[in-house]
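This report covers a ligand site, a helix residue and a surface patch. Please read it beside the sequence and the model.

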Amino acid sequence: MCNDRNLFSSRIGFILAAAGSAVGLGNIWRFPYLAAKNGGGMFLLIYILFALTVGISVMIAEISVGRKTGLSVCSAYRKLNSKFAFIGIAGAIVPVIILPYYSVIGGWILKYMVVYFTGGNQVAAADNFFTSFISNTTSPLIWFLVFILSTAGIIVFGVKKGIERASKFLMPGLFLLTVAIAIYTISLPGAMEGVIYYIKPNPELLTFNSVLNAMGQMFYSLSLAMGIMITYGSYLDKKTNIESAVTKIAIIDSLVAFLAGLMIIPLVFVFLGEEALGTGPGLMFVTLPKAFASMAFGNIIGGAFFILVLFAALTSAISLMEAIVASFQDEFRLSRSKAIALTLIISILLGIPSSLGNGAWSDCLIFGMDFLTFFDHISNNIIMPLVAILTCIFVGFVIKPEAIIEEVELSCKFRKKKLFSFMIRYIAPLCITIILFSQFL
Ligand code: PHE
């Protein structure tokens, strides 16, 4: 059954595609402000510690489940143990919820990119620019459609010619742009203060909540518990060393998050001062444009910045869409083009309320949240942690860590297998349970 599956053609292609999924808006928009808010260097260290232990273990488990079964998330769990198929179903639902609103945000990024390239540096920095854009009815919808259709335009070409080829271009591009902008911002006069603020451990800001934030961010950032890594694992050949590939993916993901902070924090510091970092989610669309507007070459830096963010969002959206398409193909035996069409229809229907929720439909609230916030909340804070816990229990106690170790050792020795078994059985489920319950307190 996995023989006729379209596989990644190279190890590096797989690593870039999986890292592309991991590196996304979470790294560029969320990580820097979380780090700034939660004790700088300390947060960074805790984050990296989690990523290299718990994160890597869960990712190894997911990729191995995918490769072992050669199937996407629903079918993979069913094949391993039909009583636990429900975990696969829950995992498969997550990308269906995330892709639509992620693409709405992707559309906003496209809009900003075009604004910068048409010389709109000052326009984008105007006070009401962002709110008046997202509350408009048609324009954000059109950009959303452009973004999601572009994603589908890559997926249509399949794993090798679509996903792998796009990742081989987008990921190096993203990395170069990040490094270039980071170098430029830290060379600005006064930037060092911002760099120090970002890197220097500030124990006073580090609370139990910061540790929770670091853990939650790590799961989201590594694209765990949403069927993506299982799907990508199902396209992996048996020769690839999963342990070393996963370590590289986690390192790339942490490095880009770190560099994003290095690029953004000093910039905000120099032009707007420390208080501006407290703006949280508005950082990327409201605060940064103000910094670009006050700097030399603001149009170019702003334009380059939004291209980089677009690349990051696109590779993540590709992985979300692929996870859905693969589920439809495996579950309903649909052809790839039919599965893509179905995915598009569902995603567009679900994306419309997320887009209109900031304007025309802003009166419709679900539990007090607009549609976009609601979809983000239920997927990240409720379904994903649940799927993550169930995945750990399933791997740790149902199929047992040995099943994963055996899969990893098809290519080479699994060096940290003891650590892996311990993490997946005890530490990972414990951490995720704490994340899940802490939200209700
Ligand atoms: N890992 C991505 C990020 O850091 C988030 C993501 C979410 C990716 C959903 C794919 C799917 O932004």
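## Surface patch

Patches are made of residues with over 30% relative accessible area and no salt bridge, where like charges are joined within 9 Å and nonpolar side chains (Val, Leu, Ile, Met, Phe, Trp, Tyr) within 5 Å. A salt bridge is a side-chain nitrogen of Lys or Arg within 4 Å of a carboxyl oxygen of Asp or Glu. Accessible areas come from the Shrake-Rupley method with a 1.4 Å probe, and for residues only the protein chains shown count as cover.

This is a predicted model: local features need pLDDT of at least 70, side-chain atom pairs count only at pLDDT 80 or more, and totals for chains, interfaces and linings use all residues. Residues are numbered from 1 along each chain as its sequence is written, and side-chain values use heavy atoms, without hydrogens and water.

A nonpolar surface patch is formed by Ile393, Phe397, Phe422 and Tyr426, with about 380 Å² of accessible area together.

## Ligand site

The ligand is surrounded by 16 residues, the closest being Ala22, Leu25, Gly26, Tyr220 and Ser221. Ligand nitrogen atoms lie 2.9 Å from a polar backbone atom of Ala22 and 3.0 Å from one of Tyr220. A ligand oxygen atom is 2.7 Å from a polar backbone atom of Gly26. On its own the ligand has 310 Å² of accessible area, and the protein covers 100% of that.

## Ser316

Ser316 is in helix α15 (residues 298-332). Ser316 and Ala19 are 297 residues apart in sequence and 8.9 Å apart in space, C-alpha to C-alpha.

Conventions. Near = heavy atom within 4 Å. Polar contact = N/O pair within 3.5 Å; in protein donor to acceptor, adjacent residues only side chain to side chain. Helix = DSSP H or I, 4+ residues; strand = E, 2+ residues; numbered from the N terminus.
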